[in-house]
Amino acid sequence: MTSEDRAHPGGPPEGPIATVVIWETLIAAFAVTFRDPALLLRAALGGLLLLAAANVIALFLPTGPFGLLLAIAAPLVAYTHFGVNWYRVILQGPQGVVRPTLGWDRRHWLFLGAGLALGGGLTALGAALTKIAPLPPALAIILLLYVGTRFAFLFPAIAVAEPYGPGYAWRHSQGQGGRLTVLLLLAGLPLMLAVTMIVSLLFVALLGVSLYDMAALQAGAAGAPEARVSEIRGPGEDLAVSPLATLSVKMTAEALTMGVLAVLYSIVALAFRTCTGWVPAARPPVPSDDAGDDSSSS
């Protein structure tokens with residue numbers, strides 16, 4: 001790794017070179033995430049544009065496999081784009097934002113592939129756990145989160161095009177997995193609760209429907225009172241809500257979710273830097289005109 005070429009001539013360190021301090025990292029993650037809202041928006045803009053386009057297209061698509069594929073693929077691509085951007089911002093500064101806004105290259109493919117591989121592996125592990133040793137759901141989620149954090153350093157490394165692999169991620173997070181798990185829970189749980197509350201209020205304010213009623217209707221359950229069902233259903237079985245209002249709520253929810261993910265990505269990036277000693281590669285100095293003149297005169 002870049003910073004280790006001098007300190008470790010053989011390459012990256014074999015294990016973490018420092019310990020992640022929980023409260024210090026948590027405070028730093030929030031500070032670095034929200035100190036420049038314009039930068040956060042700039043990093044998220046490409047992903048938000050992709051999600052907005054996908055939602056608009058979905059309004060005109062009939063129910064079918066293409067619509068389902070779009071609903072699955074669009075968030076994966078959008079959040080990959082944002083993840084690469086934000087990890088680069090934390091590790092390289094504002095200049096790390098990928099240009100053009102919707103730019104996509106090898107880093108994004110690797111980031112997406114690593115996310116799918118890790119997600120698939122954790123899903124398989126969770127299924128195996130339920131068969132081998134059934135655990136309470138909360139405990140199973142924490143265990144899977146712990147395993148996920150042990151490989152999380154892959155993502156900031158991919159974002160900054162650092163040669164890196166799962167083995168390095170596992171070794172560099174040795175003894176740090178519990179701390180990272182606690183950090184992600186401390187930051188993620190209250191933030192997701194806040195997002196859920198805000199989106200619930202938006203549902204009522206813009207759509208006239210509570211999330212509870214919406215869930216009951218979507219599930220075909222009798223959870224919503226009959227009077228409310230008649231109010232929020234349009235002709236036939238369609239919900240009588242404005243597509244523009246629906247899009248506004250969805251995009252607000254997506255933007256808030258990216259804000260939550262930005263904090264979590266910041267935690268992982270700061271821990272990655274702490275445990276590996278990573279620093280940006282030094283760029284060669286740009287020769288000035290004077291230097292050129294001096295060299296020519298000599």
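Modeller: Let's start with a term: a salt bridge is a side-chain nitrogen of Lys or Arg within 4 Å of a carboxyl oxygen of Asp or Glu. Keep in mind that this model is predicted.

Biologist: Thanks! How many salt bridges does the structure hold?

Modeller: It holds two. In one of them, the side chains of Arg-171 and Glu-14 meet, with N to O at 3.5 Å. Arg-171 belongs to helix α8 (residues 166–172), whereas Glu-14 sits in the loop between α1 (4–7) and α2 (22–34), so this pair ties together parts 157 residues apart in sequence.

Biologist: Is Glu-14 buried or exposed?

Modeller: Exposed counts as over 50% relative accessible area, and Glu-14 has 55% relative accessibility, so it is exposed. Arg-171, with 31%, is partly exposed.

Biologist: And which residue forms a salt bridge with Arg-107?

Modeller: That is Asp-105, and the closest N and O atoms of the pair are 2.4 Å apart. Here Arg-107 counts as buried at 19% relative accessibility, while Asp-105, at 28%, is partly exposed.

Biologist: Now to helix packing. At what angle do the axes of α3 and α12 cross?

Modeller: Such angles are taken between N-to-C directions. The axes of α3 (residues 37–59) and α12 (residues 243–276) cross at roughly 145 degrees and come within 10 Å. The crossing is right-handed.

Biologist: Which residues meet there?

Modeller: From α3, they include Leu-40, Ala-44, Gly-47 and Leu-51; in α12, Leu-247, Met-251, Glu-254 and Met-258 are among them. The residues of this contact divide into 13 nonpolar, two polar and two charged.

Conventions. Residues are numbered from 1 along each chain as its sequence is written. This is a predicted model: local features need pLDDT of at least 70, side-chain atom pairs count only at pLDDT 80 or more; totals for chains, interfaces and linings use all residues. Side-chain values use heavy atoms; hydrogens and water are left out. Axes are lines fitted to C-alpha atoms, for helices over the stretch in contact, and angles run from 0 to 180 degrees between N-to-C directions. Helices (H or I, at least four residues) and strands (E, at least two) are DSSP runs, numbered from the N terminus. A crossing is left-handed if the near helix is turned anticlockwise from the far one by less than a right angle, and right-handed if clockwise. Contact means heavy atoms within 4.5 Å. Ala, Val, Leu, Ile, Met, Phe, Trp, Tyr, Cys and Pro count as nonpolar, Asp, Glu, Lys and Arg as charged, and the others, Gly among them, as polar. Buried means under 20% relative accessible area, exposed over 50%, partly exposed in between (1.4 Å probe, protein chains only).
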